[in-house]
Amino acid sequence: MDEYYINVNGIGNSLNESIHKEYYERLVTAKNILTSALSIEEKYEIFIRNYYELEKELLCISLQKMLSRVNDDSCVFDKMISIDLRVMNLLSSARAYIDHGLNELTNIGDGSKCNPMKNWREKYKKENASFYFVEHLRNHVQHKGLAVHNITSQSKWIENFKSLEHSCTFIVKKNILEKNLNFCKRALNNMQDEIDLFEYLREYVGVLSVIHDSIRNEISSVVDNSRLIIETAIEDYSNKFNWNSVGLTAQHSKSGTIIDSVVLQLNWDDVRLELRKKNRPLKALEKQHITGKLTEQR
C-alpha cells in the first residue's frame, strides 16, 4: 500500500502526518521546477565566468606589453594559445547553457515552456549578424579548427601624446574559415578579411544575456509559485510540529519501504535568487570597455 506523509527525518514517528498523493506530487513537481531553474542559472554563471576570464586575459597581455618589450615567436604563440583556450571555454559554455537550458525548460510548467530558448535564439540568429557569426564559429571550433589566427599588441600615444595606451587584438582570418566547406557562407557575408573577434564576442555575450533575462521573465511565475508551495509547506508543518524545519521531509513509501522523498528546504534555492540578483542583463556590452587611464594628467 502506498503511503504519503510529512515527517522530521530521523526523529521517528513522533513528528509525522499523512498527506494526500496529490499534495505530495505538487511538492515533487515544485522541487523539480526549482532544480531546473537553478541549473539554468548555474550554466549561465559558468558562461559569464568564462567571459570574465577572457576579458582578464586580454588585460594581462596588455599589461605584459607595457612592462616588457620581449615579443619573440614563442611569446606570441603562448599568447595565442592562452586566448584560444579562453575563447574555446567561452563558446563551449555558451553551447552547454543553450543545450542544457532547452532540456531544463521542459521540466518547467506544462511542457510548453520548452520553446523560449529556441525561439529567442532563432530570433537573434536572424536579426543579429554578430550572434549568427559566433554561433557558426563555435561549430567550427568544435569540429574543425581554432578560432584565433593572429594576435597583435599595440601601443599608441593618445590625447596629444599625454598618454601611451596599450591594447591587444585577436584576429580571425576569413580565408581560413572559408577553407572549412561546412562553414556557413552567409555568416561570412560582408566580413572583412581580418575579423576583430573580440568585438563580435562581446556582442554575442550581450545578446545571450538578454536571452537569459527574457527566459527568466517567461518562467518567473511558475518558478515563483513553486517556491511558494514549498515555503508554505515548511511554514505550515514547522508550526504544526513545533519544529525549526531542519530535516522536514515529504516521503512516499510502499509496504514500509521508502520509495522517494523530498527534503523541504530552500537554502539551496537561495543560490538561484542570488545568481539572479548578481547577473543582470549585459546590454550594449560591445560599447563598453575597461581602462586603466588616469583621471588627471600632470
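Here is a short walk through the chain, from the whole fold down to single residues.

Before you click, note that this is a predicted model, in which local features need pLDDT of at least 70, side-chain atom pairs count only at pLDDT 80 or more, and totals for chains, interfaces and linings use all residues. Numbering starts from 1 along each chain as its sequence is written, and side-chain values use heavy atoms, with hydrogens and water left out.

**Whole chain**

Start in cartoon view. You'll find seven helices and seven strands, taken as DSSP runs (H or I of at least four residues for helices, E of at least two for strands) and numbered from the N terminus. Their order along the sequence is β-β-α-α-α-α-β-β-α-β-α-β-β-α. The radius of gyration is 26 Å, well over the 19 Å that the globule rule gives for 298 residues, so the chain is more spread out than a compact globule. That radius is taken over C-alpha atoms, and the rule is 2.2 Å times the number of residues to the power 0.38.

Now colour by accessibility: 43% of the 298 residues are buried (under 20% relative accessible area; exposed is over 50%, partly exposed in between, with a 1.4 Å probe and protein chains only).

Select 150–158 and 163–173. These are strands S3 and S4, antiparallel and joined by nine bridges; two strands pair if DSSP finds at least two bridges between them. Pick glutamine 154 and look across to its bridge partner in S4, serine 167. Next, go to the hairpin, where four residues lie between the strands and glutamate 159 takes a positive phi near 55°.

**Two loops with positive phi**

Most residues other than glycine have a negative phi, which makes the next two stops worth a click. Asparagine 190 sits in the loop between helix H5 (174–178) and S5. Its phi is positive, about 65°, although it is not a glycine. Is asparagine 190 buried or exposed? It counts as exposed, at 80% relative accessibility.

Finish at serine 255, in the loop between strand S6 (248–254) and strand S7 (257–263). Serine 255 also has a positive phi, near 55°, and at 63% relative accessibility it counts as exposed.
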